[in-house]
Amino acid sequence: MKLETGQTALVTGASRGLGVEIARRLAAEGLDLILVARSRDALDQVAGDLRAAGAGQVRVLAADMSDLGSLPDLAQAVGAIDVLVNNAGMEAAAAYDERSPAEIADTIAVNLSAPMLLSHALLPGMLARGRGHIVNIASVAGLIAAPFNEPYSATKFGLVGFTRSLRMTARACGWPASASVVCPGFIDGAGMFETLKQDFGVVSDGMGTAPLHDVGQAVVDAIEQDLPDVIIADGDPRQMAAMAVVQPLAFETASLGAPSTAMFRAVAEARRGASNHSR
Ligand SMILES: NC(=O)c1ccc[n+]([C@@H]2O[C@H](COP(=O)([O-])OP(=O)(O)OC[C@H]3O[C@@H](n4cnc5c(N)ncnc54)[C@H](OP(=O)(O)O)[C@@H]3O)[C@@H](O)[C@H]2O)c1
């Protein structure tokens, strides 16, 4: 779908991180924006910055995506849109046996159930108006399992599978709307990997990081070229993803020696230390 002035994009998770860059890039393409996250003040700040930089209309809607029952009201408040970017997400490296059931349920809700339900609520309007594109922001952890990240990896694999299925339905039915999945690896500049750097002293070396501006470009490319998936990483994780399917044991052995495994283990251990300390 060609992006044009006068179209409207909804970006979830637009109060900080990758969502701000995606919103900025779509505004630069001339789109009006609806920004969603829980933090109203941060959304207002982002909206103000976008308007000051020349964006068209920018609305903000404060919503908690883990409250799945509130999503129909959110969709109603959103109204007609051309682009939906399901970007809001949560991640916390930890050992699975140390997580609370509530955290597991929240991660599934925010990372997978909410994108599927929001897509379900907003897709009929796109079909009725004859155009639309859904972009799901998954992760390389949705193509290659990341240790110490079971809820995150499971939901991101789910988001990849959801998008691939929806795309094929769209093509089989000749819909005027489509969907893409964007899979960032580790992104430098803003977002959850940047937060790990600041909070836990994680370093980018050896992690195959990509810069923040690649994220906005990936979303634009996905929509305008109707791409099934776009991977944002220094290097191509597709070979590792293929190895995980074809040679799972060899993949596990290779992965256990990867710098990302050591990084996630260190973060999980630091988090466990911090939570033991606060008891
Ligand atoms: N940064 C990376 O290196 C990287 C790599 C791979 C994939 N990703 C994916 O990229 C997406 C954006 O991540 P990020 O790096 O920008 O993370 P981030 O800096 O932690 O930002 C997460 C965004 O999601 C929103 N959010 C979280 N929980 C929410 C909830 N319950 N309801 C509504 N909004 C919620 C946050 O807003 P509030 O707190 O204001 O609600 C925030 O705007 C995620 O899907 C993530 O999995 C990121």
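Which residue with a positive phi follows helix 1? Helix 1 is followed by G30, whose phi is near 100°. The views below show a predicted model, in which local features need pLDDT of at least 70, side-chain atom pairs count only at pLDDT 80 or more, and totals for chains, interfaces and linings use all residues. Residues are numbered from 1 along each chain as its sequence is written, and side-chain values use heavy atoms, with hydrogens and water left out.

**Figure 1. Helix 1 and the residue that follows it.** Helix 1 covers residues 18-28; helices (H or I, at least four residues) and strands (E, at least two) are DSSP runs, numbered from the N terminus. Eight of its 11 residues are buried, so helix 1 is largely enclosed by the rest of the structure. Here buried means under 20% relative accessible area, exposed over 50%, and partly exposed in between, with a 1.4 Å probe and protein chains only. The buried residues of helix 1 are L18, G19, E21, I22, A23, R25, L26 and A27. G30, with its positive phi, comes after the helix.

Figure 2. An N or O atom in the side chain of R16 is 2.8 Å from an oxygen atom of the ligand. For L18, a polar backbone atom is 2.7 Å from a ligand oxygen atom, and for S39 a polar side-chain atom lies 2.4 Å from an oxygen atom of the ligand. Taken alone, the ligand exposes 880 Å², and the protein buries 95% of that. Accessible areas come from the Shrake-Rupley method with a 1.4 Å probe; for residues, only the protein chains shown count as cover.

Figure 3. Two aromatic pairs are found in a search of the whole structure. Rings of Phe, Tyr and Trp (its six-membered ring) pair if their centres lie within 6.5 Å; planes under 30 degrees apart count as stacked, over 60 as edge-to-face and the rest as tilted. F186 and F193 form a tilted pair, 4.8 Å centre to centre with 45° between the planes. Both F186 and F193 are buried. The pair of F186 and F264 is also tilted, with 5.9 Å between centres and 45° between planes. F186 lies in the loop between strand 6 (177-184) and strand 7 (187-188) and F264 in helix 10 (residues 259-277), so this pair ties together parts that are 78 residues apart in sequence. F264, like F186, is buried.

**Figure 4. Strand 4 and its two partners.** From strand 4, V83 and V85 point one way and L84 and N86 the other, and all are buried. Strand 1 (residues 8-12) pairs with strand 4 in the parallel sense over three bridges; two strands pair if DSSP finds at least two bridges between them. L10 stands opposite L84 in strand 4. Strand 4 also runs parallel to strand 5 (residues 132-137), to which four bridges join it. The bridge partner of N86 in strand 5 is N136.

Figure 5. S100 is placed in the loop between strand 4 (83-86) and helix 4 (101-129). This serine is partly exposed, with a relative accessible area of 35%. The S100 side chain reaches the backbone nitrogen of E103 at 3.0 Å. S178 lies in strand 6 and counts as buried, at 13% relative accessibility. The side chains of S178 and R167 are joined by a polar contact of 3.5 Å. A polar contact is a pair of N or O atoms within 3.5 Å; within protein, one must be able to donate a hydrogen and the other to accept it, and residues adjacent in sequence count only if both atoms are side-chain atoms.
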